Amino acid sequence: MALAVAQTRSVLFIKRKYLHALRKTCLWFSTNDTILADQRKPPPKTHLRKSQKKTTLTDLSWEERLSDVVTPLWRLSYDEQLELKLKHQERIMSQLSGYLSGELQSQSSLPVRTKLSFPVLPVLPSPVRDGYRNKSTFSVNRGVDGNPKTVGFYVGTGKKGNIVCVNGDHLLNMPEKHTRVARCYQDFIRLSSLEPCLLFYTGGHWREVTVRTNAEGHTMAIVYFHPQTLTPEEVVVHKAELLDYFTRGPGSVCQLHSLFFQESAMTRCTHEQSPYQLLHGQPHIYEEQLGFKFRISADAFFQVNQAAAEVLYSTVRQLCIPNPEEGGERTQFGGTLLDVCCGTGAIGIITSPRVDRIIGIELIEQAVEDARHNAALNNVLNCEFIPGKAEVVLPGVMSQLSSAGGGPVAAVVNPARAGLHYRVVRALRNQPNIRRLVYVSCKPDGDAMRNFRELCCAPDPMKKLTGEAFSPTLAVPVDMFPHTPHCELVLLFER
């Protein structure tokens with residue numbers, strides 16, 4: 001009974017302190033702030049009448065069909081979008097509450113709406129709702145007119161054999177700089193003597209193009225190319241044509257800060273597997289987040305919505321190392337922050353003034369190099385970044401922390417959609433010094449739910465989950481992706 005009362009008080013204290021800090025630092029993120037959503041929509045003639053009860057695909061323009069695929073919520077007001085997302089997150093957290101209370105026995109159980117056992121706050125809105133993406137990848141395939149050298153996004157699926165590539169100029173989340181590069185790349189490959197690579201086994205060379213931008217307006221383009229049977233000397237000729245087009249030809253209108261070229265026979269590969277070749281400009285672009293500067297490489301992970309990422313990172317920082325005087329003088333709280341799946345080090349570096357030590361773990365070596373560079377760039381001296389699989393590296397780090405006795409440990413995990421490896425969950429669960437864990441998930445109803453349950457279940461020697469269980473105490477959704485059903489969920493676990 002005393003434990004239940006203490007947990008209730010803890011939840012109320014966290015929520016009150018968190019909301020107090022959030023009001024001081026994130027007041028300008030209100031849905032009613034002066035940064036109003038751009039209400040532009042596809043032309044009025046494409047809107048469906050309210051009286052229409054049923055719409056078939058043939059009634060929609062190709063632009064509408066693509067909008068429905070890429071930005072399915074584009075017809076809703078922003079307030080309606082946030083309401084829809086909150087209900088979705090509440091359903092997911094209700095499911096988690098059901099698992100923890102025993103009302104649901106397995107993830108395959110029929111959905112049961114269980115009373116939430118912890119608060120789910122309203123969705124924190126994105127300060128920028130339109131044209132917010134700082135990274136976009138445009139595909140190459142047959143267009144509406146049948147031209148195989150069309151650059152855009154897919155409507156249809158390969159399984160059904162009905163893929164059509166549609167230009168994305170009208171998409172609400174797409175900045176004009178990105179669509180300009182896509183249009184120029186389309187013009188270039190249509191002038192090229194080489195065919196596009198639609199399917200690897202049918203030949204062709206020109207593949208998709210990725211565009212990255214930052215708040216300063218710098219633009220990086222990365223062109224992917226399948227060499228097939230071309231000799232290195234022949235590839236050099238076509239690289240030179242690409243370079244000339246974007247630096248001295250019609251593509252110079254894009255004013256590229258960087259132009260990269262990657263030749264590969266694989267669908268996706270890292271810089272180590274096939275180096276990104278810098279054809280023009282600078283090897284990196286830079287972005288600022290909450291007063292810290294970050295270097296972005298061609299293949300580095302960085303949140304696609306810079307303005308909303310600041311909301312996300314300030315939320316994560318406040319939950320990892322609470323500071324009631326958020327926004328005032330920086331305060332050192334001591335201890336260690338363990339940043340798992342740290343990417344280019346953003347969360348750790350931003351949180352570094354509050355702790356004695358940051359340990360970041362990241363699989364992609366290039367991202368680790370960026371993280372180390374970013375720490376030096378910001379004169380952050382208490383960060384250590386370790387390359388490797390978290391499930392391999394983490395047990396050793398945990399053992400080191402235990403023997404060192406370096407004070408309290410907080411952990412933040414920000415994995416991909418597949419969630420954390422079970423050995424990572426086990427290492428976190430079995431480390432008694434970790435009293436607070438913040439889990440950032442872009443898909444909490446997927447494999448991440450398994451992670452949540454393993455963090456919170458009763459000790460299970462069969463699964464080697466012997467440590468004290470965590471409990472979810474607060475969930476904060478952050479809208480990183482306006483006009484889509486997706487958002488990031490920040491979930492605080494304590495014990």
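**Helices and sheet**

Visitor: At about what angle to β2 does helix α2 run?
Guide: This is a predicted model. Helix α2, residues 62-70, lies across β2 (150-155) and β3. Its angle to β2 is about 65°.

Visitor: With which strand of the sheet does helix α5 make about 155° in direction?
Guide: Helix α5 covers residues 232-247 and packs on the sheet. Its contacts there are β4, β5 (219-225), β6 (258-263) and β7. The strand with which its direction makes about 155° is β6.

Visitor: Which are the edge strands of the sheet?
Guide: The sheet is open, has seven strands and shows mixed pairing. Its order is β3-β2-β1-β4-β5-β6-β7. Two of these strands pair on one side only, which makes them the edges: β3 (164-166) and β7 (277-281).

Visitor: By how many degrees are neighbouring strands of this sheet turned against each other on average?
Guide: The figure is an average over neighbouring strands, with direction ignored. It comes to 35°.

Visitor: Is C320 buried or exposed?
Guide: The relative accessibility of C320 is 3%. Buried means under 20%, so C320 counts as buried.

Visitor: How does C442 count, with a relative accessible area of 22%?
Guide: The limit for buried is under 20%, and exposed begins over 50%. The 22% of C442 lies between these limits, so C442 is partly exposed.

Methods
Residues numbered from 1 in each chain as written. Predicted model: local features only at pLDDT ≥ 70, side-chain atom pairs only at ≥ 80, totals over all residues. Heavy atoms only, no water. Buried < 20%, exposed > 50% of the residue type's maximum accessible area, 1.4 Å probe, protein only. Pairing = 2+ DSSP bridges. Helix = DSSP H or I, 4+ residues; strand = E, 2+ residues; numbered from the N terminus. Axes fitted to C-alpha atoms, helices over the stretch in contact; angles between N-to-C directions. Contact = heavy atoms within 4.5 Å.
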